[in-house]
Amino acid sequence: METDRPDGRTPNQLRPLAYSCSILHRAHGSASWAQGETKVLAAVYGPKAGTKKNENPEKASIEVIWKPKTGQIGKMEKEYEMILKRTLESICIRTIYPNTTTSVIVQVVHDDGALLPCAINAACAALVDAGIPLKHLAVAICCSVTDSGCIILDPTKDEEERSLQVGSEPMENGIMTSVTQGAMSVNDYLHCLERGRAACASLSEFVRKNIGTKSTSEPSKAG
Amino acid sequence: MLIFVISAIDFHMPPICSPIVRPGRPAEASPMVSKQLSNTISSSRMTDLKELSLVSGKAAWMAYLDIYCLDADGALFDAALLSAIAALSHLQIPSIAMNDDGKIVLVSDEDGQKRAQEPVNKEKRKLTLRSIPFSLTCILHKNYILADPTAEEESIMETHVTVVLDTSGQLISLYKPGGPVLAYTSAIQDCAALTRQRVKELNNFLDKANSAMEV
């Protein structure tokens with residue numbers, strides 16, 4: 001049962017990826033990540049001295065600030081901040097820099113669907129660019145279930161009806177973060193996981209190739 | 001005619017409920033639970049929004065759902081969702097009519113003169129709930145799954161998974177915001193099985209409570 005998508009993609013096809021890093025001069029690490037028309041810019045500052053509120057004597061704190069393209073920060077932005085904060089906390093080695101705070105600022109440049117996975121990918125690339133020690137890299141993908149039950153990857157804004165965003169770890173393919181919207185059966189969810197894992201594998205190949213090229217040519221600013 | 005009906009859902013955590021909540025600025029968990037609640041209730045399509053329409057294009061009911069947490073001891077979203085469902089199942093919509101000026105007025109049974117007006121709702125009625133969502137929050141730790149954690153357990157272990165299923169078996173939400181433990185397919189299936197069991201228990205509990213209240 002094939003579904004015709006408006007932009008001519010097959011159900012398993014991602015939108016074209018664009019990635020660049022070290023684009024901001026003042027930030028310790030920065031990255032821009034685009035999937036189709038959706039584009040997110042991420043900047044990392046730190047590790048720097050922690051404030052009294054955020055300071056932790058055992059671990060480094062991570063602070064995430066999410067800036068939407070238009071409008072004020074509402075509940076959705078607060079939720080995205082919290083999800084991103086907990087995802088980044090789980091991939092960073094936080095015990096190396098106690099009493100410090102690392103700020104991750106995420107600026108939405110354009111939103112055409114699958115915004116949260118794009119932001120996760122941009123934030124992880126920015127952390128790598130800043131030289132923050134990480135346990136592993138996280139990649140994120142968005143799946144959508146159509147009315148006919150077909151599962152499509154990387155939906156646009158129009159296709160986003162019942163979506164599932166999975167952030168997984170490339171080495172072990174475990175799930176770090178999962179957010180769903182809409183109703184689906186449990187089997188559809190598990191099928192989305194399988195499709196998401198395959199897409200994350202190709203995404204991590206893309207990330208590894210680009211970051212590997214970058215790291216040999218330029219030293220890190222934080223180092 | 002497209003009908004726009006907005007339901008405002010807010011989850012409040014006053015300082016009385018927990019030592020970590022300070023007066024003034026809202027607690028960290030409060031917008032998270034609010035957004036999760038809005039997402040769950042809109043995703044499940046528990047209520048038919050056309051029921052809340054009075055006159056197409058002119059008037060509609062707007063429901064405000066405010067949830068106050070009195071004691072925060074873990075799994076706040078589970079308690080908030082259950083209280084929201086119980087409140088919605090207890091909701092009564094009054095009977096109203098539209099007078100000649102086009103304004104909506106409340107119809108009282110005692111006033112005989114107002115019978116001449118055209119009734120929009122003829123009598124008090126309850127909302128029709130279709131498939132009801134229920135949730136279960138679990139903590140993943142190595143190879144263990146802890147269901148329904150307390151606040152102390154939540155503060156020590158950082159990987160939380162919240163599964164929401166409705167009474168027809170559909171998955172409404174699977175929420176895992178990061179955390180050091182990676183969730184594999186077997187863990188997710190175990191969490192879904194635990195949630196299915198809890199959906200049956202809570203559905204029976206809600207039916208008994210509602211039938212006891214109507215008597």
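Which residues does A:Glu79 touch, leaving aside those up to four places away in sequence? In this predicted model, the answer lies across the chain boundary: A:Glu79 touches B:Met32, B:Lys35, B:Gln36 and B:Tyr175.

Find helix 1 of chain A, residues 75-91, and you will find A:Glu79 within it. With a relative accessibility of 7%, A:Glu79 counts as buried, because the cut-off for buried is under 20%. One of its contacts is also a salt bridge: A:Glu79 pairs with B:Lys35, and their closest N and O atoms are 4.0 Å apart. Across the interface of chain B and chain A, the rule finds one salt bridge.

Now step back and look at the side of chain B that touches chain A. Strand 1 (8-12), helix 1 (29-44), strand 12 (160-166), strand 13 (171-175) and helix 4 (185-214) of chain B each supply at least two residues to that side. Helix 1 of chain B gives the most, with seven residues. Sorted by class, this side of chain B has 16 nonpolar, 12 polar and seven charged residues.

How much area do the two chains bury between them? The figure is about 2800 Å², and carbon and sulfur atoms give 56% of that. Within chain B, the residues that lose the most area to chain A are B:Lys35, B:Leu171 and B:Leu182, which together make up 20% of what that side buries. In terms of contacts, 35 residues of chain B meet 31 residues of chain A.

Let us return to helix 1 of chain A and follow its charged residues. A:Glu89 forms a salt bridge with A:Lys85, with the closest N and O atoms 2.9 Å apart. The two are four residues apart in this helix, so about one helical turn separates them. An α-helix has 3.6 residues a turn, so residues three or four places apart point the same way. A:Glu89 counts as buried because its relative accessibility is 16%, while A:Lys85 is partly exposed, with a relative accessible area of 23%. A:Glu89 has another partner too: A:Arg94 forms a salt bridge with A:Glu89, the closest N and O atoms being 3.9 Å apart. Both A:Arg94 and A:Glu89 are buried.

Elsewhere in chain A, a salt bridge joins A:Asp154 and A:Arg15, whose closest N and O atoms are 3.0 Å apart. This pair links distant parts of the chain, 139 residues apart: A:Asp154 sits in the loop between strand 7 (151-153) and strand 8 (163-168), and A:Arg15 in the segment before strand 1 (17-21). Both residues are buried. Together with A:Asp112, they are linked in a network of salt bridges. Over all chains, the count of salt bridges comes to six.

Our last stop is helix 2 of chain A, residues 115-130. At 1.5 Å a residue, its 16 residues should span 22 Å, and its end C-alpha atoms are 22 Å apart, so expectation and model agree. This helix is mostly covered, with 15 of its 16 residues buried. After helix 2 comes A:Gly131, which has a positive phi near 80 degrees.

Technical notes
Residues are numbered from 1 along each chain as its sequence is written. Chains are lettered from A and ligands numbered from 1 in the order in which they are written. This is a predicted model: local features need pLDDT of at least 70, side-chain atom pairs count only at pLDDT 80 or more; totals for chains, interfaces and linings use all residues. Side-chain values use heavy atoms; hydrogens and water are left out. Contact means heavy atoms within 4.5 Å. Buried area is the accessible area (1.4 Å probe) that two parts lose on being put together, summed over both. A salt bridge is a side-chain nitrogen of Lys or Arg within 4 Å of a carboxyl oxygen of Asp or Glu. Ala, Val, Leu, Ile, Met, Phe, Trp, Tyr, Cys and Pro count as nonpolar, Asp, Glu, Lys and Arg as charged, and the others, Gly among them, as polar. Buried means under 20% relative accessible area, exposed over 50%, partly exposed in between (1.4 Å probe, protein chains only). The expected span of a helix is 1.5 Å times one less than its number of residues.
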